[in-house]
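Me: Could you walk me through this fold, starting with how you define your terms?

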Amino acid sequence: MTSGDFVTGSGDGTRAVRAGLPEPVKHEPTLPGPVFAAHFHLPGDPTGPYTYGRDENPTWTLLERAIGELEAPGQEGVTTLAFPSGMAAISAVLFSQLRAGDVVVLPDDGYQVLPLVREQLTAYGIEVRTAPTAGDAQLDVLDGAKLLWIETPSNPGLDVCDVRRLVEAAHAQGTLVAVDNTLATPLGQRPLELGADFSVASGTKMLTGHGDILLGYVTALDAGPMAPVRRWRKIVGAIPGPMEAWLAHRSLATLQLRADRQNANALVIAEALRGRPEVTGLRYPGLPDDPSHKIASQQMRRFGCVVSFTLSTRARADRFLDALRLVDDATSFGGVRSTAERRGRWGGDAVPEGFIRLSAGAEDPEDLVADILRALDESAE
């Protein structure tokens, strides 16, 4: 949906609290409740914003406007489309933009479902090339591509690429660029301001932040490339429920509060882990000595809530996770309750058996650090 008026105030907190709200009407709620409707009154010709529930919904409209105001504040013509999951949003961009004979470049260290996407794209006659995120390695396989897919920071390895550099090279040869902004959120990174054509994310994670909603979205400044994405959503019926959309919009109001606390907690945890001899491969872009820090600090405003590291064996990692009390052993990330998991249990990620992805929640940092260090001590052989 096209973004509404510019949100008064330029601070992240003000923007998150006010984004997407309608003009105030006496006796009406500031955020209208979810609209449950499969159809709308529609006499005469089928014109107007709301005709059928698979095409548009007033609750989506407000959420899409809010996300657009966060992804591209102050920009005219921002278009956002909401989807029922992050993978629905990712699939909509890939399968609406690519045809048989096209070339797409994906990261080989991205989200674990991307290998399944690669198989499907290949089955449709699309050439898929892959390269790591670090070192801007995707540039080496970019020649002749129709679409470049970037995931930065990468999940779960937390490598970062130079978005501006990749966008410049891609656009010089007519290649579209999509950036998966899930881990950073619009408060941490704005891909459209860095030149990308699409900013795509799973709103399931930190954007909504409570571990109770599945959601995805695509945002762009150019309506042209978004038209096929909208058409794809209509054809496959990949639409969010109005209740989920309303809950997501409600959750945005605390995004800045949650992001600041969770980012700060992640840094404190990473600093505490840095001094532990049993911890190897520690990664957090916010650490000054992290391999990603230099580039991340040039294009990110917040470094995210995820910390990754490796313990010596699968058994040691499992004992560590079992010993945690304030950190839930669960997948996903970005919630107000801290989570951690041994990522190798899913397959699909090229990580050691003892690799841990930890998502910092909003608990007190002292309590989290104490719990993590105690669990490390108790899990020692």
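Reply: Happy to! Buried means under 20% relative accessible area, exposed over 50%, and partly exposed in between (1.4 Å probe, protein chains only). This is a predicted model, where local features need pLDDT of at least 70, side-chain atom pairs count only at pLDDT 80 or more, and totals for chains, interfaces and linings use all residues. Residues are numbered from 1 along each chain as its sequence is written, and side-chain values use heavy atoms, leaving out hydrogens and water.

Me: How many residues of H3 are buried?
Reply: Helices (H or I, at least four residues) and strands (E, at least two) are DSSP runs, numbered from the N terminus. H3 covers residues 86-97, and its buried residues include Gly-86, Ile-90, Phe-95 and Gln-97. The helix is mostly covered, and the buried count is 11 of its 12 residues.

Me: In what order do the seven strands form the open sheet?
Reply: Two strands pair if DSSP finds at least two bridges between them. The edge strands, S1 (79-83) and S3 (127-131), each pair on one side only. The pairing is mixed, and the order is S1-S7-S6-S5-S4-S2-S3.

Me: Which residue in S4 is the bridge partner of Val-104?
Reply: S2 (residues 103-107) and S4 (residues 147-151) pair in the parallel sense over two bridges. In S4, the partner of Val-104 is Leu-147.

Me: At about what angle to S5 does helix H5 run?
Reply: Axes are lines fitted to C-alpha atoms, for helices over the stretch in contact (heavy atoms within 4.5 Å), and angles run from 0 to 180 degrees between N-to-C directions. Helix H5 (residues 163-172) lies across S4 and S5 (176-180), and its angle to S5 is about 155°.

Methods: The expected span of a helix is 1.5 Å times one less than its number of residues.
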